[in-house]
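Colleague: Before I set anything up, could you take me through this structure in a few questions and answers?

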Amino acid sequence: MPRYQFWVYIMCSSTGVLYIGVTNDIERRAIEHKRKQTPGFTAKYNVTRLVHCEEFQYIDQAIAREKELKGWRRDMKVALIESENPEWIDIAAE
């Protein structure tokens, strides 16, 4: 059985706006956000830095985690990001 990869990710703007999404190709999706290829929230608010991501084997797991994170208060999202990326470095640049 092939191994599928799905990602839940958090991106941010230079002013601290957060965006949580899910994708099957984290590199492609980060580039799309950086280039503002899709009109909408992330393009409007200049959300271009990938600051957190989690990998899942199954899409239903990823979607459940995305919904869970979206339900969190902002301070909990910030604590999650800072637990692994205290400098809020753009991990897509690596």
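Modeller: What follows is a set of questions and answers on a predicted model.

Colleague: Which residues of H3 are buried, and how do they lie around the helix axis?

Modeller: Helix H3 covers residues 59-70, and its 12 residues reach 16 Å from the first C-alpha to the last, close to the 16 Å expected at 1.5 Å a residue. Seen down the axis of H3, the buried residues fall within an arc of 105°, so they line one face of the helix. The residues in question are Ala62, Arg65, Glu66 and Leu69.

Colleague: Which exposed residues does the face of H3 turned away from its buried side carry?

Modeller: The buried side of H3 is covered by elements that include strand S1 (6-12), strand S2 (18-23), strand S3 (49-56) and helix H4 (74-84). On the face turned away from that side, the exposed residues are Asp60 and Lys67.

Colleague: In the hairpin of S1 and S2, which residue takes a positive phi?

Modeller: S1 and S2 run antiparallel and are joined by 6 bridges, with Ile10 standing opposite Ile20 in S2. Between the two strands of this hairpin there are 5 residues, and the positive phi, near 95°, belongs to Gly16.

Colleague: Is Thr42 buried or exposed?

Modeller: Thr42 has its place in helix H2, residues 41-44, and, leaving aside residues up to four places away in sequence, it touches Tyr19, His33 and Val47. Because its relative accessibility is 9%, and the cut-off for this class is under 20%, Thr42 counts as buried.

Colleague: With which residue does the side chain of Thr42 make a polar contact, and at what distance?

Modeller: Among the residues that Thr42 touches are Tyr19 and Val47, together with His33. The polar contact joins the side chains of Thr42 and His33, and its length is 3.1 Å.

Colleague: How is the aromatic pair of Phe41 and Tyr45 classed?

Modeller: A search of the whole structure finds 3 aromatic pairs, one of which is formed by Phe41 and Tyr45, with 4.9 Å centre to centre and 45° between the planes. Phe41, at 39% relative accessibility, counts as partly exposed, and Tyr45, at 38%, also counts as partly exposed. Since planes under 30 degrees apart count as stacked and those over 60 as edge-to-face, the pair of Phe41 and Tyr45 is tilted.

Colleague: Which residues do ring pairs link into a cluster?

Modeller: Phe41 and Tyr45 form an aromatic pair, and both belong to the cluster. Taken together, the residues linked by ring pairs are Tyr9, Tyr19, Phe41 and Tyr45.

Note on methods
Residues numbered from 1 in each chain as written. Predicted model: local features only at pLDDT ≥ 70, side-chain atom pairs only at ≥ 80, totals over all residues. Heavy atoms only, no water. Helix = DSSP H or I, 4+ residues; strand = E, 2+ residues; numbered from the N terminus. Expected span 1.5 Å × (residues − 1). Buried < 20%, exposed > 50% of the residue type's maximum accessible area, 1.4 Å probe, protein only. Arc of directions from axis to C-beta. Contact = heavy atoms within 4.5 Å. Pairing = 2+ DSSP bridges. Polar contact = N/O pair within 3.5 Å; in protein donor to acceptor, adjacent residues only side chain to side chain. Phe/Tyr/Trp six-rings, centres within 6.5 Å; stacked < 30°, edge-to-face > 60°.
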